[in-house]
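Notebook open. I want to go through this model piece by piece and write down what I looked up.

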Amino acid sequence: MSALLRVVIVDDEALAREDLCYQLSELGEVDVLAQAANGPDALAAVEAHRPDVVFLDVQMPGLTGFEVARRLLAMPEPPSVVFVTAYDQHAIEAFEV
């Protein structure tokens with residue numbers, strides 16, 4: 001039996017979170033542990049659930065996705081981060097982070 005990929009989804013748009021949850025459910029073997037709509041809630045969800053991967057929007061209230069990612073990287077065992085954005089101008093900064 002394959003291990004589940006444990007994820008947290010972070011996006012300030014509820015429809016975007018729902019769509020990503022649906023797409024991940026179609027893959028199977030993915031367990032969405034939590035969702036968050038802003039940076040501070042994202043950090044709390046990661047702390048509480050310790051996911052393998054965080055799907056992270058770039059533009060959000062509270063903290064940007066880049067600020068959240070930098071804080072996650074400071075963790076002893078940080079999760080992998082997949083940036084989710086509709087704005088191609090954020091791609092270069094996403095790769096840098």
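I start with a cut-off: buried means under 20% relative accessible area, exposed over 50%, and partly exposed in between, with a 1.4 Å probe and protein chains only. By that scale Glu-29 is partly exposed, with a relative accessible area of 41%.

Ground rules next. This is a predicted model: local features need pLDDT of at least 70, side-chain atom pairs count only at pLDDT 80 or more, and totals for chains, interfaces and linings use all residues. Residues are numbered from 1 along each chain as its sequence is written, and side-chain values use heavy atoms, with hydrogens and water left out.

**Entry 1: overall layout**

I took helices (H or I, at least four residues) and strands (E, at least two) as DSSP runs, numbered from the N terminus. The protein has 4 helices and 4 strands. Read from the N terminus, the order is β-α-β-α-β-α-β-α. Of its 97 residues, 35% count as buried.

I also looked up contacts, meaning heavy atoms within 4.5 Å. Among those between residues at least 6 apart in sequence, 67% join residues at least 24 apart.

**Entry 2: helix H1**

I checked the length of H1 (residues 14–27). The expected span is 1.5 Å times one less than the number of residues. For the 14 residues of H1 that gives 20 Å, and the end C-alpha atoms are 20 Å apart, which agrees.

Which residues of H1 are buried? I found Arg-17, Leu-20, Cys-21 and Leu-24. Seen down the axis of H1, the buried residues fall within an arc of 105°, so they line one face of the helix. The arc is that of the directions from the helix axis to the C-beta atoms. An α-helix has 3.6 residues a turn, so residues three or four places apart point the same way.

The face turned away from the buried side of H1 carries exposed Leu-15, Glu-18, Tyr-22 and Glu-26. The cover over the buried residues of H1 includes E1, E2 (30–36), E3 (53–57) and E4 (80–84).

Lys and Arg count as positive and Asp and Glu as negative; His and the chain ends are not counted. A salt bridge is a side-chain nitrogen of Lys or Arg within 4 Å of a carboxyl oxygen of Asp or Glu.

Arg-17 is buried but has no salt bridge, and the nearest side chain of opposite charge is Asp-11, 5.7 Å away. Asp-11 sits in the loop between E1 (5–10) and H1.

What do these side chains pair with instead? I looked at polar contacts: pairs of N or O atoms within 3.5 Å, where within protein one must be able to donate a hydrogen and the other to accept it, and residues adjacent in sequence count only if both atoms are side-chain atoms. The side chains of Arg-17 and Gln-35 make one at 3.2 Å. A polar atom of the Asp-11 side chain lies 2.9 Å from the backbone nitrogen of Glu-13.

Leaving aside neighbours within four places in sequence, Arg-17 is in contact with residues including Ile-9, Asp-12 and Ala-36.

**Entry 3: the salt bridge**

How many salt bridges does a search of the whole structure find? It finds 1. The side chains of Arg-50 and Glu-47 meet in it at 2.9 Å, N to O. Arg-50 counts as partly exposed at 42% relative accessibility, and Glu-47 does so at 48%.

**Entry 4: positive phi**

Arg-50 came up again here. Its phi is near 50°, a positive value in a residue other than glycine. Arg-50 is in the loop between H2 and E3. Glu-29 also has a positive phi, near 60°, and is placed in the loop between H1 and E2. Gly-28 follows H1, with a positive phi near 75°.

Gly-39 lies in H2 (residues 39–49). At 0% relative accessibility, Gly-39 counts as buried. Not counting residues up to four places away in sequence, Gly-39 touches Met-60, Pro-61, Leu-63 and Val-68.

Val-68 is one of the buried residues of H3 (residues 65–73), with Gly-65, Phe-66, Ala-69 and Leu-72. They cover an arc of only 160° around the axis, which puts them on the same side of H3.
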